[in-house]
Amino acid sequence: MRRRLWTRRLIALSATLGLTLAAAPVASASPPGIGASTGHGGAGRVPATVVLDGARLVRIRRQLATRPDPRLRTALAELTRAADAELRTGPWSVMDKATTVSADKHDYYSLATYWWPSQPKTPDNPYGCPFVQKDGHWAPDVATTGDLPTLHASWTAISDLSLAWFYTRRPAYARRAALDIRTWFLDPATRMNPNMDYAQAIPCGANPQGRNYGIIESAQAITQVIDALALLDSGAPGWTARDRAGIRDWLGGFLDWMLTSPFGQAESATKNNHGTFKDLQDATIALYLGRTDLAKQLIVGAETKRIDPQIAADGGQPGEVSRTRPWHYANFNAQAFCRLADAGRHVGVDLWSYTTPSGGSIAKAIDFLIPAAEKGADAWPYPDLDVFDRSLALDKLHAAATEANDGQARAALAQVPAPAGGDLWPVEPTCWQDLSQPPLQK
């Protein structure tokens, strides 16, 4: 799976940069059986997830323990393979980075993705300023500078380990997830400050700082982190009441920053995938914190604020296909819509059934991807910088088939290849694939 490949690259980068890779105990060669009780409470509790359907996860775990089909076994094996690797890596911290433009190393920092240095780097001009924009082309230092590599490695590990614990009940997974959470979010010596003031920075000028567009770097992965917290809250060993109180406090501060800061407000005002993901981030944090009214307001508001202007009658997404990487961005925004719709079930809002005045819908946005997902770049009518990857659409097709009863999506599933590492939908039944990794380009 592309998410796993990106994480492996980040782990390798971490080693290259000299980041901490603490040894961790590996799961026993004879672990408790899938779904077996390990003596810890909460084995039968439905987790209060906010994107994933907790009751569905319980049913999946029960099926794994009784009559798992080959697809389910294969998906679980891939998930636990990733989790086993993550037992041996990390924990990661914002304090691991070598450089930052912030006076406080606890602030998250990354470079603007599509902005490139225009001059040679020298002692007097270490960043190669001024920067110039090259839309769609990742700048040379983005994947190795600041906190972007470690955020993805840490947050992916938290998600994988928590879900692997939920299905297998192996305590090592939960304890490692708890350690990764404490290191990134809670430990005073290593925690990230709850802001994105220095995300996607252009480090030129007398007072360099980040940009509102950097919020996209938290807005995708944090949904997995929040559902991981809900899984751990359901009775995980090593996850304490103090941990839960601490992460709720951190998320409360993060949400306040998102709602009140100039960057947070500017990102909410964007009209494309940035705005969709920003609403998703704010709504899922609010759901986890019990701020249901705010979450519902954001999800209901997505009908007229996000779906109406962004999805055309035929399912096309004009704001995404006009980019230099249209296949990526059409899938990326559809992913955010899928997660928003799944979060809607928790507040009684059915975004899957919503149709715009012109006839567009989330399901139509996913159906729009089917010809290219089945046949490849020749069926995609837009110029594209990236090497075409048909598998980007797979989890969206699963979601449309399952949640919107979309026959076109269901019929297409057999024609679309799985991502590298396999199809994890059987154990991760939402649009969970990470599409934020560095692109492979022509």
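In which loop is Asn 405 found? Select Asn 405: this residue sits in the loop between helix H16 (394-403) and helix H17 (407-412). Helices (H or I, at least four residues) and strands (E, at least two) are DSSP runs, numbered from the N terminus.

The model is predicted: local features need pLDDT of at least 70, side-chain atom pairs count only at pLDDT 80 or more, and totals for chains, interfaces and linings use all residues. Residues are numbered from 1 along each chain as its sequence is written, and side-chain values use heavy atoms, with hydrogens and water left out.

**Two positive phi values**

Remain at Asn 405, where phi is near 50°, a positive value in a residue other than glycine. Most residues other than glycine have a negative phi. Asn 405 has a relative accessible area of 58% and is therefore exposed (over 50%; buried is under 20%, and partly exposed lies in between, with a 1.4 Å probe and protein chains only).

Next, select Arg 169, in the loop between H4 and helix H5 (171-186). Its phi is also positive, near 65°. Arg 169, however, is buried, because its relative accessible area is 4%.

**Helix H4**

Step back to helix H4 (residues 148-168), whose end C-alpha atoms are 30 Å apart; this agrees with the 30 Å that 21 residues should span at 1.5 Å a residue. The expected span is 1.5 Å times one less than the number of residues. Of the 21 residues of H4, 21 are buried. Within H4, select Tyr 167, which is buried with a relative accessible area of 0%. The C-alpha atoms of Tyr 167 and Val 58 are 8.4 Å apart, although 109 residues separate the two along the chain.

**Helices H7 and H8**

Now display helix H7 (residues 222-233) with helix H8 (residues 241-260): they pack at about 155°, with axes 12 Å apart. Axes are lines fitted to C-alpha atoms over the stretch in contact, and angles run from 0 to 180 degrees between N-to-C directions. H7 and H8 are therefore roughly antiparallel, a term for angles over 145 degrees. Contact (heavy atoms within 4.5 Å) involves Ile 222, Leu 229 and Asp 233 of H7, and Arg 244, Ile 247, Leu 251 and Phe 254 of H8.

**Two cis peptide bonds**

Finally, select Gly 90 and Pro 91, joined by a cis peptide bond with omega about -5°. Pro 91 lies in the loop between helix H3 (70-86) and strand S1 (109-111). Another cis bond runs from Cys 129 to Pro 130, with omega near 0°.

Conventions:
Angles under 35 degrees count as roughly parallel, over 145 as roughly antiparallel, 65 to 115 as roughly perpendicular and the rest as oblique.
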